[in-house]
Amino acid sequence: MPELKIAPSILGVDYGRMNEHLAELAPFSDMFHVDVMDGNFVNNLTVGPPVVERIQTDVPLDCHLMISDPDKYIEAFAKAGAYSITIHAEASTDLKRDVALIKDQGVRACVAVNPATELEVIKEVLPELDMVLVMSVVPGWGGQAFMSEVLEKVSAIRAEYPELDIQIDGGISDKTAPEAVKAGANVLVSGSYILKAQSPSEAVSLLKQAIAAE
Ligand code: DX5
Ligand code: ZN
């Protein structure tokens with residue numbers, strides 16, 4: 001299994017001092033997970049390429065596009081500095097084309113599946129991906145409860161792809177991370193558990209301890 005990576009979601013970051021806040025999180029972050037919402041694919045709005053462009057950090061930016069017609073925005077996010085771009089299987093009208101578009105930009109390609117979406121939908125593109133995202137909540141908000149039933153999908157992908165980065169997003173904490181890792185996930189997105197903790201660095205240590213103890 002590939003190495004464990006922690007990706008704090010910047011959904012809860014203090015945007016008034018975004019770069020300072022991210023600098024505090026950087027020492028224990030393997031990636032920053034940038035949640036992009038368009039008020040259409042999901043009922044919420046967040047940030048677009050101009051904000052991504054203004055992020056100053058050495059931590060790779062993992063852009064999770066919860067937007068309709070992602071093909072229209074792939075180039076803009078790549079130019080803004082994305083290290084990886086995730087599009088939703090439910091939002092793309094041509095998954096194969098859109099994965100190729102991401103790769104053409106020289107960016108790591110990832111596809112996300114909602115809790116209700118079957119793996120069958122991404123079967124054809126899976127061999128081409130650098131990462132797959134199994135959503136463990138219905139996308140749109142932070143702070144929702146982890147849906148452990150999605151772990152069946154994680155195990156099924158891990159059985160076929162031992163080296164693939166498998167990301168899990170939604171409701172990750174020291175309580176839920178161990179089962180996610182046991183099922184085969186190695187890239188853990190965490191929003192409220194880390195960002196709302198009194199000490200985010202301690203929260204990440206606790207999370208890693210809980211995984212090691214499993
Ligand atoms: C949900 C987002 C998540 C969210 C995770 O739509 O994709 O990345 O920020 O937040 P928590 O960890 O609080 O569930
Ligand atoms: Zn996300």
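Which backbone atom of Gly191 lies close to an oxygen atom of ligand 1, and at what distance in Å? In this predicted model, a backbone N or O atom of Gly191 lies 2.7 Å from an oxygen atom of ligand 1. The protein covers 99% of the 380 Å² of accessible area that ligand 1 has on its own (Shrake-Rupley method, 1.4 Å probe).

| Residue | Atom | Distance to a ligand 1 oxygen |
|---|---|---|
| Ser192 | polar side-chain atom | 2.4 Å |
| Gly191 | backbone N or O atom | 2.7 Å |
| His64 | polar side-chain atom | 3.3 Å |

Ligand 1 is surrounded by 20 residues (a heavy atom within 4 Å), and the closest are Asp35, Gly140, Asp169, Gly191 and Ser192. By residue class, this shell divides into seven nonpolar, 11 polar and two charged residues, with Gly counted as polar. Strands β2 (32-37), β3 (61-66) and β8 (187-190) each supply at least two shell residues, and β2 gives the largest share, three residues; strands here are DSSP runs (E, at least two residues).

His64 also has a protein partner, since its side chain makes a polar contact with the side chain of His88 at 2.9 Å (N or O atoms within 3.5 Å, one able to donate a hydrogen and the other to accept it). His88 is found in strand β4 (residues 84-88), and His88 counts as buried because its relative accessibility is 0%, the limit being under 20% (1.4 Å probe, protein chains only).

Residues are numbered from 1 along each chain as its sequence is written, while chains are lettered from A and ligands numbered from 1 in the order written. Local features need pLDDT of at least 70 and side-chain atom pairs 80 or more, whereas totals for chains, interfaces and linings use all residues, and side-chain values use heavy atoms, without hydrogens and water.

Note on methods:
Helix = DSSP H or I, 4+ residues; strand = E, 2+ residues; numbered from the N terminus. Buried < 20%, exposed > 50% of the residue type's maximum accessible area, 1.4 Å probe, protein only.
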